[in-house]
Amino acid sequence: MNLTPEQIAAAQKANLETLSGLTNQALQSIEKLVELNMHIAKQSLSDSMNSAKKALEVKDIQQLLAHQAEAVQPMAEKIMAYSRHLYELAHETQNSFTQSAEKEFQAGQKKINSLVEEWTRNAPAGSDAAVQAMKQAIASANNVFETSQKAVKHAVEVAQTNLSTATETVLKTADTASKAPKKKQSR
């Protein structure tokens with residue numbers, strides 16, 4: 001089976017469009033990451049200045065300990081919020097790339113199926129075993145793809161659950177740590 005120049009040009013055009021779409025998706029993700037990091041940098045600078053001002057007002061060790069304890073939980077919450085944002089951005093990008101891959105796989109699958117059907121119609125007599133083997137190989141490849149997609153989706157769900165659990169644990173620990181020095185002060 002020979003490809004015509006028009007078929008080659010169409011395939012190259014489709015590949016270029018796919019590459020362009022993936023590049024745009026990647027650039028959008030990078031842009032969101034830069035925006036997130038700029039926001040965090042500005043917020044961190046502001047928080048640091050406020051903390052420094054409060055530290056300059058400290059008159060004794062008790063006030064210093066109280067000041068440090070007050071800073072622990074908000075800092076832990078901000079770190080966890082940043083981690084969640086990063087995870088959500090990565091998840092969103094991964095979903096976008098997965099959808100593109102699925103779309104390309106389905107288009108490729110249709111092309112292969114039509115080629116096999118065309119080949120089957122033009123196959124010489126007695127080649128039924130080869131035709132069946134080709135169809136079975138295509139079906140197996142489709143099953144592998146679907147199985148791997150399900151495994152990836154399950155892994156993402158597990159990672160999301162683990163991130164949520166870790167976030168809750170860190171926030172509870174930070175809350176406990178910030179309350180501990182306050183109890184000592186009240187005695």
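## Salt bridges

The model holds three salt bridges, a salt bridge being a side-chain nitrogen of Lys or Arg within 4 Å of a carboxyl oxygen of Asp or Glu. This is a predicted model, in which local features need pLDDT of at least 70 and side-chain atom pairs count only at pLDDT 80 or more, while totals for chains, interfaces and linings use all residues. Residues are numbered from 1 along each chain as its sequence is written, and side-chain values use heavy atoms, with hydrogens and water left out.

E92 and K32 form a salt bridge with an N to O distance of 2.3 Å. This pair links distant parts of the chain, since E92 is in helix α2 and K32 is in helix α1, 60 residues apart. Helices are DSSP runs of H or I with at least four residues, numbered from the N terminus. E92 has a relative accessible area of 40% and is therefore partly exposed; K32, at 38%, is partly exposed too. Buried means under 20% relative accessible area, exposed over 50%, and partly exposed in between (1.4 Å probe, protein chains only).

## The other two pairs

D47 and K78 meet at 2.2 Å, N to O. D47 is partly exposed at 28% relative accessibility, and K78 is partly exposed at 34%.

In the pair K135 and E117, the N to O distance is 3.8 Å. Here K135 lies in helix α3 (residues 128-185) and E117 in helix α2, so parts 18 residues apart in sequence are tied together. K135 counts as partly exposed at 33% relative accessibility, as does E117 at 39%.

## Helix α2

Helix α2 covers residues 61-122, and its 62 residues should span 92 Å at 1.5 Å a residue; the end C-alpha atoms are 90 Å apart, which agrees. The expected span is 1.5 Å times one less than the number of residues.

At the start of α2, a side-chain oxygen of D60 comes to within 3.2 Å of the backbone nitrogen of Q62. Buried residues of α2 include A66, A69, Q73, A76, M80 and L89.

## A nonpolar patch

L27, I30, V34 and M38 make a nonpolar surface patch of about 380 Å². Patches are made of residues with over 30% relative accessible area and no salt bridge; like charges are joined within 9 Å, and nonpolar side chains (Val, Leu, Ile, Met, Phe, Trp, Tyr) within 5 Å. Accessible areas come from the Shrake-Rupley method with a 1.4 Å probe, and for residues only the protein chains shown count as cover.

I30 lies in helix α1, residues 5-56. With 48% relative accessibility, I30 counts as partly exposed.

How values were computed
Helix = DSSP H or I, 4+ residues; strand = E, 2+ residues; numbered from the N terminus. Polar contact = N/O pair within 3.5 Å; in protein donor to acceptor, adjacent residues only side chain to side chain.
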